[in-house]
Amino acid sequence: MAEAHSAVAFSFSITHEGWDVNVDREVLHLVWASGVRSWKKRLARFKNNIKNGVFPAPLQSLWATVALITSLHFAGIKLPFFDFILSILPENNMNYQIITCFIQSLLFWLFVIYVFRYTLKLLLMYKGWMYEERGRGRTISWQTKFWLMCVKVMSGASKPLLYSYQGSLPRLPLPSVDDTMERYLRSVRPLLDDTQYGRMEKLANEFKNGIAVKLQRYLVLKSWWSSNYVSDWWEEYVYLRGRSPLMVNSNFYGIDAILMHPTTNQAARAATIIHTALLYRRLIERQELEPILIQGLVPLCSWQYERVFNTTRVPGVETDKIVHYNDSKHIVVYHKGRYFKVPIYYKNRILLPSEIEIQMNHILQDTSTPAVGEEKLASLTAGERTAWANARTEFFFKGTNRTSLDAIEKSAFVVTLDDVPYEFDEKDTGKLDNYGRILLHGKGYDRWFDKSFTLCIGTNGRIGFNAEHSWADAAVMSHFWEYVVSDETVNMG
């Protein structure tokens with residue numbers, strides 16, 4: 001991959017004739033535009049954080065509360081704590097009475113909001129709805145009906161943002177040692193004969209009456225200050241500490257809507273999908289994406305959405321780590337052994353599908369040969385993690401290799417323009433199997449397996465993705481893929 005050139009916005013030198021100052025206005029404009037875009041994102045997130053903090057109440061309800069409290073005060077109705085708040089202020093006049101009304105309204109408004117939020121958290125701890133029988137002729141119990149009504153009331157009428165429910169989600173309950181041992185023995189019983197199971201029962205009792213008591217205390221302490229006592233350990237020990245290759249063992253894939261084939265033009269389909277994915281990223285950045293609600297009512301945790309884009313897994317000798325970048329202004333495209341850094345913004349707006357298509361066509365028509373070691377570079381991400389970590393330290397620490405690796409890892413996502421078609425035939429299941437194999441591992445060196453996901457486009461316009469598993473579960477990626485595939489027809493129009 002060719003090294004990305006760097007530009008200097010301001011430079012000066014001293015000559016025998018005096019000062020020589022050079023200013024690159026184009027670079028200064030890019031720096032200015034980048035700063036403006038960054039501050040716009042910060043202000044939008046700050047505004048959304050306020051909305052999330054007071055959910056389910058809309059911000060407009062504060063002014064209604066102020067108007068009500070002020071009206072009651074000047075109507076002569078005695079309000080609790082009014083005199084106490086007023087006594088703290090310097091004077092007792094009309095202006096300070098209005099200020100007191102505002103302070104009391106704000107405190108009362110926040111009190112009601114947090115009562116609603118914690119009530120909703122208690123309601124979401126109820127799991128009886130999961131075990132209600134479904135189907136025609138089945139009736140829901142009165143407890144679940146009452147619970148449904150209360151959740152709807154406490155959720156409010158305002159439209160939730162992506163992270164609106166985060167403060168109301170219950171903590172992951174910590175099971176007792178007895179429950180854990182009972183479930184464990186029940187899970188292993190079909191796998192063991194009577195002799196082996198008897199030995200396992202003995203070991204389970206020894207564990208339960210021994211070190212399990214001490215370990216349970218640690219878990220109780222962690223569950224008090226962590227909303228999920230197991231998520232960080234699960235991420236590290238199940239995924240990041242694994243030294244086996246990600247390809248096949250960990251990464252997963254998703255395929256196109258196989259009964260729909262909007263175009264056979266590879267560049268056009270790639271441009272549309274890339275543009276739709278960037279629109280989805282913007283929804284996440286602005287927190288405008290609606291959270292997943294089970295049966296339209298029970299929210300799921302939304303924190304994983306932040307790592308869909310601008311995220312990569314960095315190899316380590318003993319354990320990997322997940323690195324998420326706040327922003328990325330480019331994607332990386334792989335085609336016939338070459339990597340291309342493709343910008344995705346022009347004057348602070350996302351490129352249109354037609355503009356992206358022009359760039360994809362340029363890449364497809366490029367006949368240059370790969371640089372030495374470029375074609376099969378991604379095979380490092382497909383192999384053993386320790387070997388990749390050692391190679392990264394030795395060969396990618398500085399220079400062109402470091403610059404090129406940064407361009408890949410700091411991209412929003414990676415796109416692969418494959419040189420084979422993705423085929424599906426209802427009468428030939430082998431073609432669908434081959435479709436899956438291509439997306440799962442490709443040639444072993446044409447997917448950047450460390451990135452959060454690699455978008456894959458076949459020569460016939462069919463698409464798919466290969467996703468790294470440690471940063472999120474499949475539900476988040478499925479939601480993203482459903483949006484991309486279902487909304488691309490709108491963008492194509």
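**Exercise 1.** How much accessible surface does the protein have, and what percentage of it belongs to carbon and sulfur atoms?

*Solution.* Keep in mind that we are working with a predicted model. Begin with the total: the accessible surface is about 28,300 Å². Then take the share of carbon and sulfur atoms, which is 60%.

**Exercise 2.** Describe the overall build of the protein, from its elements to its contacts.

*Solution.* Start with the secondary structure: there are 16 helices and 14 strands. Next, look at the extent of the C-alpha trace, which spans about 90 × 85 × 50 Å along the principal axes. Now turn to contacts with a separation of 6 or more: 72% of them come from residues 24 or more positions apart. Finish with the charges: 56 are positive and 50 negative, and their mean positions lie 5 Å apart.

**Exercise 3.** Find the residues of the nonpolar surface patch of about 760 Å² and trace them to their elements.

*Solution.* First, pick out the members on the structure: Phe111, Val115, Phe116, Trp142, Phe146, Met149 and Val153 make the patch. Second, assign them: α4 (94–124) and α5 (142–155) are the elements that give two or more residues.

Key: Residues numbered from 1 in each chain as written. Predicted model: local features only at pLDDT ≥ 70, side-chain atom pairs only at ≥ 80, totals over all residues. Heavy atoms only, no water. Helix = DSSP H or I, 4+ residues; strand = E, 2+ residues; numbered from the N terminus. Contact = heavy atoms within 4.5 Å. Areas by Shrake-Rupley, 256 points an atom, 1.4 Å probe, with all protein chains shown as cover. Lys, Arg positive; Asp, Glu negative; His and termini not counted. Charge placed at Lys NZ, Arg CZ, Asp CG, Glu CD. Patch = residues over 30% accessible without salt bridge, like charges linked within 9 Å, V, L, I, M, F, W, Y side chains within 5 Å. Salt bridge = Lys/Arg side-chain N within 4 Å of Asp/Glu carboxyl O.
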